[in-house]
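Welcome! Have the structure ready and try each task before reading on.

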Amino acid sequence: MPHQDAKKQKPIVLTIAGSDSGGGAGIQADIKAISATGGYACSVITALTAQNTQGVTAVHPTPQAMIQAQLDAVFSDLSVSAVKVGMLGDSETIRTVAAALRRYRPAHLVVDPVMVTANGDMLLAEEAVNCLREELLPLADVITPNLPEAAALLGAALPKRLDEVESLFTGLGQLDCAAVLLKGGFLQQESRSPDWLLSDNQVRCFDTPRVMTGNTHGTGCTLSAALACYLGQGFNMEEAVARAKRYIDQAILAGSCLRIGQGRGPVEH
Ligand code: PLP
């Protein structure tokens with residue numbers, strides 16, 4: 001009989017995402033980030049990717065019945081405080097995951113609308129973008145698109161400069177989700193690294209100095225997992241975003257000193 005007397009409170013944070021064999025992004029990054037930010041991490045693996053710092057060589061989607069079985073196993077036993085959703089791959093998986101989230105109703109939901117890796121490998125079928133917007137966004141407390149993902153969600157042009165980013169705010173504000181954390185990391189020529197939180201008809205900018213490094217593999221995964229963990233600990237959205245931003249900045253700085261693999265290296269937790 002397992003020991004049932006819980007002595008310590010630790011938020012249980014579930015990541016629903018793809019595995020990155022190289023260890024830098026996906027489930028592996030999420031588990032490291034959740035552990036480092038004070039949570040207990042559990043996982044539902046939606047796909048296996050054969051991947052390293054140079055790119056993705058193969059993707060094997062998890063069969064739907066196995067995704068469902070993982071979701072049921074976790075939610076029927078563990079008191080999940082917050083969920084982070086990452087790579088889903090296709091519409092079928094989006095529907096399976098959305099149905100489970102509607103059924104189990106976790107208190108906090110962060111959706112990272114993962115579409116493509118920084119190395120340019122596709123992680124979401126193009127036809128699935130509408131499905132993501134319709135099925136998952138309405139359930140989320142916050143979504144965390146980077147600029148290409150935000151542009152794809154809106155069918156808009158990709159902003160190339162800082163002064164073009166505002167053109168996305170109106171469209172993002174009209175999406176059917178509670179809040180959007182728009183990540184500015186793709187503006188590579190900038191010396192700052194701004195992210196924008198759009199919620200309650202307000203825009204708040206979280207702006208920090210940019211760390212000049214190519215080791216940015218897993219930054220999006222790490223930020224969204226840390227954000228879910230801080231929400232699970234009871235911080236309000238602004239405070240959770242501020243803390244997650246601080247965490248990813250530190251992780252990028254620590255990763256910039258490491259040489260792991262020959263391509264785009266990971267952040268360090
Ligand atoms: N999920 C998986 C499984 C991935 O392999 C990647 C990128 O390689 C991502 C998500 C997104 O990564 P990032 O955090 O760099 O946006």
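**Exercise 1.** Does Leu181 count as buried or exposed, and why?

*Solution.* Some ground rules come before the count. This is a predicted model, in which local features need pLDDT of at least 70, side-chain atom pairs count only at pLDDT 80 or more, and totals for chains, interfaces and linings use all residues. Residues are numbered from 1 along each chain as its sequence is written.

Step 1: recall the cut-offs. A residue is buried if 20 or more other C-beta atoms lie within 10 Å of its own, exposed if 12 or fewer, and partly exposed in between, with C-beta atoms placed from the backbone.

Step 2: apply them. Leu181 counts as buried because it has 25 C-beta neighbours inside 10 Å.

Step 3: Leu181 sits in strand β7 (residues 179-183); helices (H or I, at least four residues) and strands (E, at least two) are DSSP runs, numbered from the N terminus.

Step 4: look at its partners. Setting aside residues up to four places away in sequence, Leu181 touches Val142, Thr144, Asp195, Leu197 and Val241, where contact means that C-beta atoms, placed from the backbone, lie within 7 Å. Asp195 is 14 residues from Leu181 in sequence, and their C-alpha atoms are 6.7 Å apart.

**Exercise 2.** Now try a helix residue: which class does Leu147 fall into, and what does it touch?

*Solution.* Step 1: find Leu147 in helix α5 (residues 147-154).

Step 1: count. Leu147 has 19 C-beta neighbours inside 10 Å, so it counts as partly exposed.

Step 2: list the contacts. Beyond four places in sequence, Leu147 touches Leu158, Pro159, Gly184 and Phe186. From Gly232, 85 residues away along the chain, Leu147 is separated by 26 Å between C-alpha atoms.

**Exercise 3.** Where are Arg105 and Asp200, two residues with positive phi?

*Solution.* Step 1: take Arg105. Its phi is near 45°, a positive value in a residue other than glycine, and it lies in the loop between α3 (91-104) and β5 (108-111). Arg105 is exposed because it has 11 C-beta neighbours inside 10 Å.

Step 1: take Asp200. Here phi is near 50°, again positive in a residue other than glycine, and the loop is the one between β8 (192-199) and β9 (202-209). Asp200 has 10 other C-beta atoms within 10 Å, so it is exposed.

**Exercise 4.** Which residues of the largest nonpolar core touch the most other members?

*Solution.* Step 1: define the core as a set of buried Ala, Val, Leu, Ile, Met, Phe, Trp, Tyr and Cys residues joined through C-beta atoms within 7 Å.

Step 1: read off the members. Of its 71 residues, Val83, Val180, Ala226, Leu227, Ala228 and Ala244 touch the most others. The largest share of this core, 9 residues, comes from α7.

Step 2: follow one of them. Leaving aside neighbours within four places in sequence, Val180 is in contact with Val142, Ile143, Pro145, Leu172, Leu175 and Leu198.

**Exercise 5.** Which residues come nearest to the ligand?

Step 1: of the 18 residues around the ligand, Gly18, Ala25, Gly26, Thr117 and Gly220 come nearest. The elements giving two or more residues to this shell are β1 (12-20), β2 (40-52) and α7 (219-232).

Methods:
Near = placed C-beta within 6 Å. Contact = placed C-beta atoms within 7 Å.
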